[in-house]
Amino acid sequence: MTVIPALPYPFEVPDVSRLALVVIDMQRDFVEPGGFGEALGNDVSLLRVAIGPIANLLAAFRARGLPIIHTIEGHRPDLSDCPPCKLQRGGGNVKIGDTGPMGRILILGEAGNGIIPELAPRDGELVLTKPGKGAFCRTDLESWLLARGITHLLVTGVTTEVCVQTTMREANDRGFECLLVEDATESYFPEFKQATLAMVRAQGGIVGWTAASSTVLAAL
Ligand code: C5J
């Protein structure tokens, strides 16, 4: 049994081999200038603070041979998997599929759609592409986790209140126990991040748990 001190109460992992690290959308499109995040008017530099804590968690999981999942939000070049409402949203001049300094925005395979070099996936780690906010929407993530007996997830990445929170709620509804790592997630809106952390752990952990990466690493 691994016990991670957390809020609202300790996160118990009966068997650490059933624990996976999920890194949500640490892509150039969200973290670097010239991508989707900046096209929507955000200061993308705010997200970089999560890179160090995620790198530390990746190192710990790699050292223990524990499963790692990286997600990528992106669409097919013909946009056939992008609902019109998502395509039209934003109201800015630059839309999904338009060409920017890092290639076509939010399109799979384009330079800007890739994971930032600091957190590059390694062989044996799942790299899951997803067309939506949640990592379970139109992907095989649930069956991938079930096939490996994974029951507990450490959730990290960006942005806290969008793709991270959506994925955590999807996972919770599917019966996975989730801990959101507080300093390994970030938002363009600091108040939205804090609100998400509070929402997750309110009402006795209605969506899950939260803890700092240093606490998680010490417990592991
Ligand atoms: C957004 C994400 N914000 N990864 N995606 O559209 O949170």
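**Reading the model**

Modeller: By class, nine nonpolar, four polar and five charged residues line the largest pocket. Here Ala, Val, Leu, Ile, Met, Phe, Trp, Tyr, Cys and Pro count as nonpolar, Asp, Glu, Lys and Arg as charged, and the others, Gly among them, as polar. The model is predicted: local features need pLDDT of at least 70, side-chain atom pairs count only at pLDDT 80 or more, and totals for chains, interfaces and linings use all residues. Residues are numbered from 1 along each chain as its sequence is written, and side-chain values use heavy atoms, with hydrogens and water left out.

Colleague: What is a pocket, and how much space lies in the largest pocket?

Modeller: Rolling a probe the size of a water molecule over the atoms shows where empty space is left. On a 1 Å grid over the protein atoms alone, a cavity is a set of points where a 1.4 Å probe fits but cannot get out; a pocket is an open set with protein on both sides within 12 Å along at least five of seven lines; lining residues have an atom within 4 Å of a point. Grid points are joined across faces, edges and corners, and a volume is the space filled by probe spheres set on the points. The largest pocket holds about 400 Å³. It has 18 lining residues, and F36, L40, E73, K133 and V162 are the closest to its centre.

Colleague: Which element gives the largest share of that lining?

Modeller: Helix α6 does, with three residues. At least two each come from α2 (36–39), α4 (84–88) and α6 (160–173). Helices (H or I, at least four residues) and strands (E, at least two) are DSSP runs, numbered from the N terminus.

Colleague: How many cavities of 30 Å³ or more are there?

Modeller: The count is one. The largest cavity holds about 40 Å³. Its lining is F36, L40, K86, L87, R89, V94, K95 and I96. That makes five nonpolar, no polar and three charged residues.

Colleague: Which residues touch the most other members of the largest nonpolar core?

Modeller: In soluble globular proteins, nonpolar side chains tend to be buried together. A nonpolar core is a set of buried Ala, Val, Leu, Ile, Met, Phe, Trp, Tyr and Cys residues joined through side-chain atoms within 4.5 Å. Buried means under 20% relative accessible area, exposed over 50%, partly exposed in between (1.4 Å probe, protein chains only). The largest core here has 40 residues, and F11, M26, L154 and L179 touch the most other members. The largest share of this core, five residues, comes from α3.

Colleague: Is H70 buried or exposed?

Modeller: H70 is buried, at 1% relative accessible area. It sits in strand β4. By comparison, N172 in helix α6 is partly exposed at 27%.
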